[in-house]
Every structure is written in C-alpha cells, then in structure tokens.
Amino acid sequence: MWMRSVYSMLLGGTLILGSALAGATNPWEEIKSTSSQAPASIGEYTNGCLSGADRMPLRGEGFQLVRTGRDRHYGNPALTGFLTDFSAQVAGQGLGRLQIGDMSMARGGPFSYGHRSHQMGLDADIWYAQDPRSLQRPLTAWERDNIAAKPLADAKDHLLIEANWDDNVPRILRLAAEDPRVERIFVHPTIKRKLCRIAGKDNDWLRRIRPWWGHNYHFHVRLACPKGDTNCVAQQPVLNEPCGDDLDWWFSDEFYALLHGTAPQQEKPKPKPKPPMPQQCTQVLHSP
Ligand SMILES: [Zn+2]
C-alpha cells in the first residue's frame with residue numbers, strides 16, 4: 001500500500017500532471033487574483049483549491065520571500081499567520097531569516113510544473129540555507145528570482161552534504177514541528193537520518209518530520225486543515241515511531257533500485273486516472 005503511494009508519487013505526480021496540462025492552458029495558473037469568497041481550503045493537498053486567499057508580504061520579521069516571479073505566495077490565512085509567527089520565533093531565537101519559496105497560487109489548484117501538492121493553501125517550501133544578503137537587506141526582484149539555493153543533500157547520490165550543514169537547521173525544524181498547527185514536514189531522507197542521530201532519545205518532535213523525495217534544497221511545511229474548513233480533507237495522522245524502521249526503506253536496495261531506475265518494470269502499477277476536483281472549486285475559479 002505504501003509502496004503504491006511511492007509509485008503513484010513518481011508516476012502520477014508532476015510528470016503526469018505536467019504532460020496532461022502541456023499545450024493546454026491551466027486556468028488555475030491563468031487567474032492572478034484571489035477569490036472574493038470567505039477563506040477556505042477545499043479538497044485535498046494534492047487535489048483542491050483555495051478561496052479568499054491571503055498573500056504573504058515580501059519581507060517581514062524573520063522572513064524573506066524568494067522566487068516571487070512565479071506568483072505562488074498565497075495561502076489560507078492560517079498559513080500566512082503560521083509563517084508570520086514561526087518566522088518571528090526564528091528571528092527571536094537568533095536563527096536568522098527564513099527564505100520562503102512556493103506556497104500556493106492565488107486560488108490554489110494544480111500546477112503545470114513543480115508540485116503535486118500545494119493545492120489548497122496549506123503547504124509552504126522553506127530553504128534550508130539563508131543567503132547572507134537577505135540577512136542584511138531586502139532582496140531585489142532579480143535576486144528573489146535568481147539567487148541560488150544551497151542544497152543540504154545530493155539527491156542523485158542520496159548523500160548528505162556535510163559541508164553545507166548548519167546547526168541552526170534542527171532548531172528551526174523543531175520550532176515548526178512543535179507548533180500544533182503543523183501536520184507534517186517533509187525533508188530529504190538523509191537529513192531525517194542526521195536529525196535522528198543528533199536527537200538521540202529526545203526525538204518525539206521528529207515524528208512529524210517525514211522523509212520524502214525532492215527535499216534536498218528546502219523543507220516543506222504542511223499545516224493541518226484549519227478548524228471550520230469543513231471541505232478540507234485531513235490526512236491520516238503520523239503514527240510511526242519518530243525514528244523507526246520506516247526510515248530504513250530509504251536506504252534499502254529497493255529504494256536504490258527506484259532511485260537509479262533499475263526497479264523491475266512489471267512491479268509498477270498503472271497510474272490511477274486523476275480524480276475530478278471538488279465541485280466547490282468550480283465556484284472558486286469563477287468567483288469575482
Ligand atoms: Zn513543497
């Protein structure tokens with residue numbers, strides 16, 4: 001069951017979505033204004049939309065937006081509120097200034113590239129590294145779109161880049177993981193392994209920190225459905241041990257076969273057809 005979800009992540013994720021939308025225009029990417037409806041996250045993290053979105057300011061206490069040219073810095077007010085509080089805590093503890101990348105589009109919805117989730121304004125990507133320029137002054141528009149992120153892990157070789165490690169990273173992640181609004185945080189598996197080694201027995205906070213593909217430059221914070229958002233589909237809570245056996249799979253022969261594309265072909269199930277979006281999303285798309 002779990003393997004199936006990994007395959008569907010690989011097969012049914014960005015690749016399929018990308019090809020389905022290639023050539024056709026994606027109305028969720030076309031519309032640049034938020035809807036005038038009340039704020040709500042509707043559907044699922046990987047199939048949903050966002051009404052009454054809030055736009056994150058360019059810079060504030062403890063944060064600076066990056067990649068603003070993509071226009072993906074909208075969220076449920078619960079998300080912008082969380083990011084504001086979390087960043088202020090980061091600054092207050094002398095942990096620098098977070099660089100916040102993609103959140104959701106103005107009305108949420110699916111992307112033609114880059115993400116499978118981030119569809120209902122409850123997901124945000126935050127860089128592990130902090131650019132020294134951003135600590136001193138607001139980044140220019142060019143810098144926001146062009147400064148390079150520093151990877152903490154090498155995704156191809158599946159190795160942690162020790163030279164880029166920063167001792168503030170576990171402290172920052174712990175602040176987020178212990179916030180009751182947070183549902184899960186995704187990091188590269190080698191980063192999770194390092195966090196487990198550092199934490200030792202004091203690891204309960206690592207339960208919500210999940211190893212996942214594609215998180216070598218940034219961690220991904222996902223909030224739980226806000227109270228009152230009755231059309232928001234909650235995920236199963238994480239019940240695994242904080243640093244249990246499930247991490248081992250990411251260093252198993254089976255994983256390396258998938259990483260290197262040498263897994264037996266016949267094991268891969270056909271990608272499931274994409275389910276329709278929740279009905280309310282049609283109203284969100286067409287609302288003034
Ligand atoms: Zn993400």
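**Close-up 1. A left-handed disulfide between Cys 196 and Cys 243.** The torsion about the S-S bond that joins Cys 196 and Cys 243 is about -90 degrees, so this disulfide is left-handed. The link brings together distant parts of the chain, since Cys 196 belongs to helix 8 (residues 189-199), while Cys 243 lies in the loop between strand 13 (218-223) and helix 9 (253-259), 47 residues apart. In this model, which is predicted, the two sulfur atoms are 2.1 Å apart. The two partners fall into separate classes of accessibility: Cys 196 has a relative accessible area of 13% and is therefore buried, because buried means under 20%. Cys 243, at 27% relative accessibility, counts as partly exposed, because this value lies between the limits of 20% for buried and 50% for exposed.

**Close-up 2. The disulfide of Cys 49 and Cys 281.** Here a disulfide joins Cys 49 to Cys 281, with a distance of 2.1 Å from S to S. The link of Cys 49 and Cys 281 is left-handed, with -95 degrees about the S-S bond. Cys 49 sits in strand 2 (residues 47-51) and Cys 281 in helix 10 (residues 280-286), so that the pair, 232 residues apart, connects distant parts of the chain. Cys 49 is buried, with a relative accessible area of 0%, and Cys 281, at 2% relative accessibility, counts as buried too.

**Close-up 3. The disulfide of Cys 225 and Cys 232, and the pattern of the links.** The sulfur atoms of Cys 225 and Cys 232 are 2.0 Å apart and form a disulfide, and with -80 degrees about the S-S bond this link is left-handed. Cys 225 counts as partly exposed at 22% relative accessibility, whereas Cys 232, at 9%, counts as buried. The count for the model comes to three disulfides. When the bonded cysteines are counted along the protein chain, the disulfides follow the pattern 1-6, 2-5, 3-4.

Close-up 4. Which residues of the protein are donors of the zinc ion? They are His 118, through its atom NE2, Asp 125, through OD, and His 220, through ND1, and these donors lie 2.1 to 2.3 Å from the zinc ion. Along the sequence, the spacing of the donor residues can be written as H-x6-D-x94-H. Are His 118 and Asp 125 buried or exposed? His 118 is buried, with a relative accessible area of 0%, and Asp 125, with a relative accessible area of 5%, is buried as well.

**Close-up 5. The packing of helix 4 against helix 7.** Two packed helices are described by the angle between their axes and by the distance between those axes. Helix 4 (residues 77-92) and helix 7 (residues 168-177) pack at an angle of about 140 degrees, and their axes are 10 Å apart. That angle makes helix 4 oblique to helix 7, because an angle has to be over 145 degrees to count as roughly antiparallel and 65 to 115 degrees to count as roughly perpendicular. The crossing in which helix 4 passes helix 7 is right-handed. Where the two helices meet, Phe 82, Phe 86, Gln 89 and Val 90 from helix 4 are in contact with Ile 172, Leu 175 and Ala 176 from helix 7.

Conventions:
Residues are numbered from 1 along each chain as its sequence is written. This is a predicted model: local features need pLDDT of at least 70, side-chain atom pairs count only at pLDDT 80 or more; totals for chains, interfaces and linings use all residues. Side-chain values use heavy atoms; hydrogens and water are left out. A disulfide is a pair of cysteine sulfur atoms within 2.5 Å. Helices (H or I, at least four residues) and strands (E, at least two) are DSSP runs, numbered from the N terminus. Buried means under 20% relative accessible area, exposed over 50%, partly exposed in between (1.4 Å probe, protein chains only). Donors are N, O and S atoms within 2.8 Å of the metal (3.2 Å for Na, K and Ca); water is not among the atoms, so sites may look incomplete. Axes are lines fitted to C-alpha atoms, for helices over the stretch in contact, and angles run from 0 to 180 degrees between N-to-C directions. Angles under 35 degrees count as roughly parallel, over 145 as roughly antiparallel, 65 to 115 as roughly perpendicular and the rest as oblique. A crossing is left-handed if the near helix is turned anticlockwise from the far one by less than a right angle, and right-handed if clockwise. Contact means heavy atoms within 4.5 Å.
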